[in-house]
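Q: Let's go through some side chains and helix packing here. Please keep it short.

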Amino acid sequence: MTLPNDLKASTIAAQAGGVIDMPSGGVVPPVQPSTTFVRDEEYALVNPDNIYSRDNSDIVRIAENVLARLENAEEALLFPSGMAAIAALFRTLPNGATVVVQSGIYWGTTKWLRDFSARRQITLHEVDAANADALEQACAEHKPDLVFIETPSNPWLKTVDIAHAAELAHKAGGLLAVDSTAATPVLQRPLEHGADIVMHSATKAINGHSDVLAGVLATAAPAAQIWTDIKADRHDAGAVIGPFEAWLLLRGMRTLPLRVERMCRSTQTIAEFLSQHSEVTDVYYPGLESHPGHEIASAQMQGGFGCLFSFLVKGGADEALTVVGKLKLFHRATSLGGVESLVEHRHTIEPHTGIPESLIRVSVGIEDADDLIADLTQALG
Ligand code: PLP
């Protein structure tokens, strides 16, 4: 069944893009675990779409279709993790290419990109892309083949003007890719602002239940060389998502807009509460009017500012760890975007990356906001 084109995100998500399993008529598609698919007596494929599950499979296609529609993309490709999606993107660059990447983004991306660039003679420039002048200068000076930004960024919650970054990348003769994980396709659609590729760790809010690793890349220009190369890389190098994971992801996505709505509302309330708290020295959340990226975030995000924020407590590592240790509802665990709230003391995990010792990163789930505030209140003493 094909859904009409002009539907809102919650309708597309709830109906999984309009999928009805035929001939069973089931409103939920089955998991097809087969890795290989038969041919008939004339050696024609019984289903021309299915040859071998590294090429493609029905459930992966269905999940990709939902993601493409949510992102307002022409095509989306799923990967077995967010990092696998990022790696597939960067592997399309020739040796000797130049990249401008936003500094202070998800550490896993920075670390992998530094190692990869060194191995492939790629010149990497790390720039505070939230500083428009710095990004403009880097693009004009280095003429990057690819500009990679993450907005809002993790864990600093910096925001980058996507349309401006796209203009700068294109003027320099390059492309713009945006890690939009913290925003989800419900709140922000970078392709509509001129980005060439949008990327998500679908492990986070897109799946939303902390039980699937997945990544996605999407584009509005499927005929572009980079997209052809990404597709070939995924197929040939085999970074494909399994059918069970794709099925779970599809199930998780049915409630994505609903979860995001609730999480954004609670996060805004909690961030406002903490910004008034005497034991808190700073709160980084683009939903706060005091946040330096609030204006940009308001212009390019709709419906909220996401479930991720960070705050600084008075004191240093000891004080932050004491607060984190006293929390009863927030789980002390990495990651974000799940239905359960999480806290992380990033400095403990990444001691040499410039993360302040007093910073606590929070991912707000779908629990009652009053319960979460009560938990933070008792932990802050
Ligand atoms: N991008 C961002 C912003 C992330 O937070 C993460 C993971 O935390 C990733 C990419 C990597 O995704 P994955 O863990 O699914 O490989």
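**Rings and helices**

Q: Trp112: buried, partly exposed or exposed?
A: Trp112 counts as partly exposed, at 21% relative accessibility (buried is under 20%, exposed over 50%, partly exposed in between, with a 1.4 Å probe and protein chains only). Bear in mind that this is a predicted model, where local features need pLDDT of at least 70, side-chain atom pairs need 80 or more, and totals for chains, interfaces and linings use all residues. Numbering runs from 1 along each chain as its sequence is written, and side-chain values use heavy atoms, without hydrogens or water.

Q: And Phe90, buried or exposed?
A: Phe90 is buried, at 0% relative accessible area.

Q: How many aromatic pairs does the structure hold?
A: Seven, counting Phe, Tyr and Trp (six-membered ring) with centres within 6.5 Å. One of them is Phe90 with Trp112: the centres are 6.2 Å apart and the planes at 55°, so the pair is tilted (under 30 degrees is stacked, over 60 edge-to-face, the rest tilted).

Q: Where do those two sit?
A: Phe90 is in H3 (residues 82-90) and Trp112 in H4 (residues 107-119), so the pair ties together parts 22 residues apart in sequence. Helices are DSSP H or I runs of at least four residues.

Q: Switching topic: at what angle do H10 and H14 cross?
A: Roughly 30°, with the axes of H10 (residues 256-275) and H14 (residues 369-380) coming within 10 Å. That makes H10 roughly parallel to H14 (under 35 degrees; over 145 is roughly antiparallel, 65 to 115 roughly perpendicular, the rest oblique). Axes are fitted to C-alpha atoms over the stretch in contact, with angles from 0 to 180 degrees between N-to-C directions.
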